[in-house]
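This briefing covers one protein model, shown below. The points after it are grouped by topic.

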Amino acid sequence: MASSAPPAETWLLENGNIKPLSKEMRHGHGRSHGRTAHNVSSSSLRKKSDLTLVRKVPCAIVRDVLANVQEVIFGTKLFVLFIAIPFAILAHYQNFGRSWVFGLSLLGLIPLAERVSFFTEQIAFFTGPTVGGLLNATCGNATELIIAIFALMQHKVDVVKYSLLGSILSNLLLVLGTSLFCGGIANLSQEQKYDRKQADVNSLLLLLGLLCHVLPLLFRYAGVGESAAITTEAVLQLSRVSCIVMLIAYIAYLIFQLWTHRQLFDAEAEDNQDDDAEDEEAVLGFWSAFAWLVGMTLIIALLSEYVVGTIEAASESWGISVSFISVILLPIVGNAAEHAGAVIFAFKNKLDISLGVALGSATQIAMFVVPLCVIVAWIVGVRMDLDLNLLETGSLALSIIVTAFTLQDGTSHYIKGLVLLLCYIVISACFFVSNRPQTQPNAVNLGSSTEGIMRV
């Protein structure tokens, strides 16, 4: 095996940097080790680093460190946004204004989210397809999960609910709608097709998640004649049971995706293999990628704490309700890099990748992040349930149903994308004009979830 490897790969192997990839690992199923739809989408925003000057550094240790920094910081087209991170920290400690801290922290989260995807892909080169897939399944929406955890620690249950709801809505309507619309416009001369199998699986899981959100709401209205405390407790228990069921369904989905029916989810990577085959080598070592992943996660945690702590101040300063910021602004910024990649591949008539990003992210949020937050809240003593307001639940239900109808025939054109985009605009306008009491600083704390904001 060693003698058949290219000279460059043999040298790298001997020096302990990476192991050469077999032909099978370079193509087909082996690509799934780090080339899920999320990774492929994020890779569209990456660029090759010019290491000419770095190679001239005489000291090997310094040369390796500089090469790592250059790959990590300048290996993305979003590198200019990294400057927002030190400014956000400076604004926090110099009291420049809490709304400034909020805005700068949001900007700083954009490149960090893309870099997390990059590091998980680099680690997957060494761990194999199964561990790589699990890494992507847990780290794919790290930004939303970290923001949610910090909001839970501050008992801001409504921020958690709204931000996660917004992530699902933005993926289903904004990202998918923009991808289908741009792809349709760019490919007017040919019919765009995609594999319905993935869309069907994700739609089924989203409908299960919708059922788990609708039942607590219906249960609350069905128990109008009962004591409010009894109804609240029953809704909370129902939500926790539903979250356990959702996590079981998500584990089954991972088994389906990574083992039993992996070929369905490898299709988009195989279609893309000829375009980015040159990117199929690890540029970071295992421990370097792991250290950078931990470091970037800590920075995301810091900025997330800033975002959660200043969201009310930004709401007052900008004259926008907390619900609009949480449902619309946070998800758009948190997934901006991934969303841009999905649109880019739609332009290239590779809708399987775009659908894998949009539907995969929505499913991961609905079936993993949301129930995990409820379980974490249960552990730390925060009363969080799945009972959203009627407005939010209705928006979620209609978005999932419209998306499922849009994807039922396996073909696409720009009208489908336009309709999804218009749906998102209407929902955004609805949250924009809804000026609710949680714009007041003390109303954001929903210690008892169903006794909080229930008015439509």
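At 23% relative accessibility, N349 counts as partly exposed, because partly exposed covers the range between buried, under 20%, and exposed, over 50%. The model is predicted. The protein has 18 helices and two strands, and buried residues make up 57% of its 456 residues. Of the contacts between residues at least 6 apart in sequence, 83% join residues at least 24 apart.

- The buried residues of helix 15 are A337, E338, H339, G341, A342, V343, F345 and A346.
- The phi of N349 is near 65 degrees, which is a positive value in a residue other than glycine.
- Most residues other than glycine have a negative phi.

**N95, another positive phi**

- N95 also has a positive phi, near 55 degrees, and is likewise a residue other than glycine.
- The loop that holds N95 lies between helix 5 (84-93) and helix 6 (98-127).
- N95 has a relative accessible area of 66% and is therefore exposed, the cut-off for exposed being over 50%.

**Helix 10 against helix 17**

- Two packed helices are described by the angle between their axes and the distance between the axes.
- For helix 10 (residues 196-222) and helix 17 (residues 390-406), the angle is about 155 degrees and the axes are 10 Å apart.
- Helix 10 and helix 17 are therefore roughly antiparallel to each other, since angles over 145 degrees count as roughly antiparallel.
- The crossing of helix 10 and helix 17 is left-handed.
- Helix 10 makes this contact through S203, L206, L207, L210, H213, V214, L217 and Y221, and helix 17 through L390, T393, L396, A397, I400 and A404.
- By class, the residues of the contact between helix 10 and helix 17 are eleven nonpolar, three polar and no charged.

**Helix 8 against helix 9**

- Helix 8 (residues 142-153) and helix 9 (residues 157-186) cross at roughly 165 degrees, and their axes come within 9 Å.
- That angle makes helix 8 roughly antiparallel to helix 9.
- Helix 8 and helix 9 have a left-handed crossing.
- The contact involves E144, A148, A151 and L152 on the helix 8 side, and V159, V160, L164 and S167 on the helix 9 side.
- Six nonpolar residues, one polar residue and one charged residue make up the contact of helix 8 with helix 9.

**T231 in helix 11**

- T231 belongs to helix 11, which runs over residues 228-260.
- The relative accessibility of T231 is 7%, so T231 counts as buried, the limit for buried being under 20%.
- Between T231 and F219 there are twelve residues of sequence separation, and their C-alpha atoms are 7.9 Å apart in space.

Key. Residues are numbered from 1 along each chain as its sequence is written. This is a predicted model: local features need pLDDT of at least 70, side-chain atom pairs count only at pLDDT 80 or more; totals for chains, interfaces and linings use all residues. Side-chain values use heavy atoms; hydrogens and water are left out. Axes are lines fitted to C-alpha atoms, for helices over the stretch in contact, and angles run from 0 to 180 degrees between N-to-C directions. Helices (H or I, at least four residues) and strands (E, at least two) are DSSP runs, numbered from the N terminus. Angles under 35 degrees count as roughly parallel, over 145 as roughly antiparallel, 65 to 115 as roughly perpendicular and the rest as oblique. A crossing is left-handed if the near helix is turned anticlockwise from the far one by less than a right angle, and right-handed if clockwise. Contact means heavy atoms within 4.5 Å. Ala, Val, Leu, Ile, Met, Phe, Trp, Tyr, Cys and Pro count as nonpolar, Asp, Glu, Lys and Arg as charged, and the others, Gly among them, as polar. Buried means under 20% relative accessible area, exposed over 50%, partly exposed in between (1.4 Å probe, protein chains only).
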